[in-house]
Amino acid sequence: MDLESGHYPRTFKKQSWRSVLMLAYQSLGVVYGDLSTSPLYVYKSTFADDIKHTESNDEIFGVLSFVFWTLTLIPLLKYVCIVLRADDNGEGGTFALYSLLCRQGSIGLLPSHQLADQELSTYKKNDDTAANVAASGPVTSASVIRRLLEKHQALQLTLLILALIGTSMVIGDGILTPAISVFSAVSGLELSMSKEHHKYVEVPIACLILICLFAVQHHGTHRLGFLFAPIILAWLLCISIIGVYNIFHWNPHVYRALSPHFMYNFLKKTQRGGWMSLGGILLCITGSEAMYADLGHFSQLSVKIAFAFVVYPSLLLAYMGQAAYLSQHHIIQTDYRIGFYVSVPENIRWPIMGIAVLAAVVGSQAVITGTFSIIKQCSALGCFPRVKIVHTSSRTQGQIYIPEINWILMILCLAVTVGFRDTKRLGNASGLAVITVMLVTTCLMSLVMVLCWNKSIFLAVCFVVFFGSIEAVFFSATLIKVLEGAWVPIALSFVFITIMYIWHYGTVKKYEFDLENKVSLNWLLNLGPTLGFVRVRGIGVIDTELVSGIPAIFSHFVTNLPAFHQVVVFLCIKSVPVPYVQPEERFLVGRVGPKQCRLYRVIVRYGYHDIQKDDSEFERDLVFSIAEFIRSEVSKPFGLNEEETENGNEKMAIVSTDSRTQEEKVELEDASGLSGEILLQVQAPQKQVRFALPESPRKEEGDKEELLELMEAREAGMAFILGHEYMRAKSGSSLVKRLVVDLGYEFLRRNCRDRRAYAFSIPQASTLEVAMLYHI
């Protein structure tokens, strides 16, 4: 990974088999930790209370049959064979699907969309899908759905809420998965002490492990990450060997239970109790969504190989082994309550429990890191309050830490562990969160099949009906247990959805207010060449969210203080619905007004996975992009790469910057013909800029003068004018709107991080905040 540029190179398609197999091995520790530890609690949760004990093996074999077909249809068929193909330039997850859909016309609700964003190399998938669609001509089904989504804002809002529901459930899973995994791993202590005493030991030990897990998050996983894959591989080998031993030792004919006939017998015999027990069976696929969500760390092929040849057969052997053991010990009532460890031979039980605890910690670590990642995506796309993002590794892709979220997750995780104290209610809560995310993925995936893959509506409907009906059955079985723990993910998702929607609503309304109250360019030009006020030395950078027009904050400032800098830059930091923006496409630069006004607009574009610079390099690249734009106006009429966009009366050009420049000099020839050497520094001596000047002595004299003035202004210093907004609902607004804007959004805005990442590195003496009141 090139951390300095924030770019993650996508080079998986041309990798050798050796590299693919190495990635498949590494994916075991990152992707499959949660899924691999599910045998710890599936049978225990399934046989908790819903299924009454009998002397026959019908219930045991029926559960095994359900587990087999659930693992086969959902993770193997749905995710491995279909969903993994819907990557967003190599990235996966709920917001990757939403991002793909947002780029299919005017479907997304991001307010600062530009036509120039569609020219980004990562805006379209790096395959020939678009070419095939274009070659095949207009598609009726896709065009009809696209027009419906573009025409009806209610449908766009529904799509956004659907994505937020999936995201909130992923966050909820980040709370519940560590609790149930760690608690189930230490449940083996039940075998060495009485029922009255083990409950006083399991909960404190589980809480201690969870506290240690969250306490070390700020160190990142790059120091111990190399142990993750060996731990999960050792765990999978252990449960496979134990499964094979139990099969041959207790019931070699257990494979017959894989027939779907046993599912029918199971439901026929158990009826309502069997249907309610599906919530426990559902836990066998917890962590399946990680195959898609963590796709950006690996390649499609490596994730598929790891699951199909290692994880899938290991889990089947483990479940078959447990069923074989239980089929010969069903007269012992406590076997169903103890779960996994009772099927482990007694002489190796303690080492297996130690490996299980380590595997549970690794799986929980992956879920916590994934929660950080999806919150970062939501924040980048304006759907979550801004939080502090700490990159814990300069080498490993995606290793981030969010302090506020980490401690919130820890408190909630400890609360559910202490509050529930058993895997039954923890399983009910975790199951509802997992199946809701899968339902959201199924719905969004059907739209991707039509709009992005150009498939028929019939095929998309078949996909929804087949997988949606399976998931709906599991969903109903978990939803009915609201009072038995399933209320937790519902409550958590309600809180997170409310926060995300309020923040998104306030962000959109604020942008619309800025757009309606922006100052026209004619007002600025009527002030004359000097703009009607004193121009002082230096560069004035005005932070704005507008991609066109003069922000109201500028007129508000100069009206009260009629003096400004000799060079004025309207700076817009915006997020685009793509995972990454290539460094050479990041800066979009244009001129505002005539050349003598020295007004520029710079739009800096980031993807939802990009790393935003927060050091002196940002200032260096900002100045360099303006200088390169001035130079490019001479060599090419409309900018570098001959790519441009209309922004009102402004022409914007894509400008490339080289962030690796260390020490370069500029040769200038002044008006008197004397050669001079000017060195432009940006705060640190090692960060310097090279300007390539035009060679024509007469025609481009004004451009040389403009570049020289830019350099002199930078040497005089840069000042950042930041807006400090206060939002209030308009008089006469409804009570709900006043609560959302005056209380909800304002509370979140006051208690979240500044959206301008670069603002943290600006000296306080170089910043000026201008307060404005927004009535929306």
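The model is predicted: local features require pLDDT of at least 70, side-chain atom pairs count only at pLDDT 80 or more, and totals for chains, interfaces and linings use all residues. Residues are numbered from 1 along each chain as its sequence is written, and side-chain values use heavy atoms, with hydrogens and water left out.

**Whole chain.** Of the 776 residues, 57% are buried, that is, under 20% relative accessible area, where exposed means over 50% and partly exposed in between (1.4 Å probe, protein chains only).

**Cores.** Select Y32, L71, Y292, Y319 and M445, which touch the most other members of the 158-residue largest nonpolar core. Such a core is a set of buried Ala, Val, Leu, Ile, Met, Phe, Trp, Tyr and Cys residues joined through side-chain atoms within 4.5 Å. A separate second core has 29 residues, including F513, A552, C597 and L748.

**Salt bridges.** The count is 17, each being a side-chain nitrogen of Lys or Arg within 4 Å of a carboxyl oxygen of Asp or Glu.

- Select D58 and K269, paired at 3.4 Å, N to O. D58 belongs to helix α4 (residues 58-80) and K269 to helix α11 (residues 261-270), so the bridge ties together parts 211 residues apart in sequence. D58 is partly exposed at 34%, as is K269 at 41%.
- Select K78 and E471, paired at 2.5 Å, N to O. K78 is in helix α4 and E471 in helix α20 (residues 457-479), so parts 393 residues apart in sequence are tied together. K78 is buried at 0% relative accessibility, and E471 is buried at 1%.
- Select R591 and E706, paired at 2.6 Å, N to O. This pair links strand β5 (residues 587-591) with helix α25 (residues 701-716), 115 residues apart. R591 is buried at 11% and E706 at 1%.

**Surface patch.** Finally, select W17, L21 and L301, a nonpolar surface patch with about 330 Å² of accessible area together. Patch members have over 30% relative accessible area and no salt bridge; like charges are joined within 9 Å, nonpolar side chains (Val, Leu, Ile, Met, Phe, Trp, Tyr) within 5 Å. Areas come from the Shrake-Rupley method with a 1.4 Å probe; for residues, only the protein chains shown count as cover. L301 lies in helix α15 (residues 300-328) and is partly exposed at 38% relative accessibility.

Notes:
Helix = DSSP H or I, 4+ residues; strand = E, 2+ residues; numbered from the N terminus.
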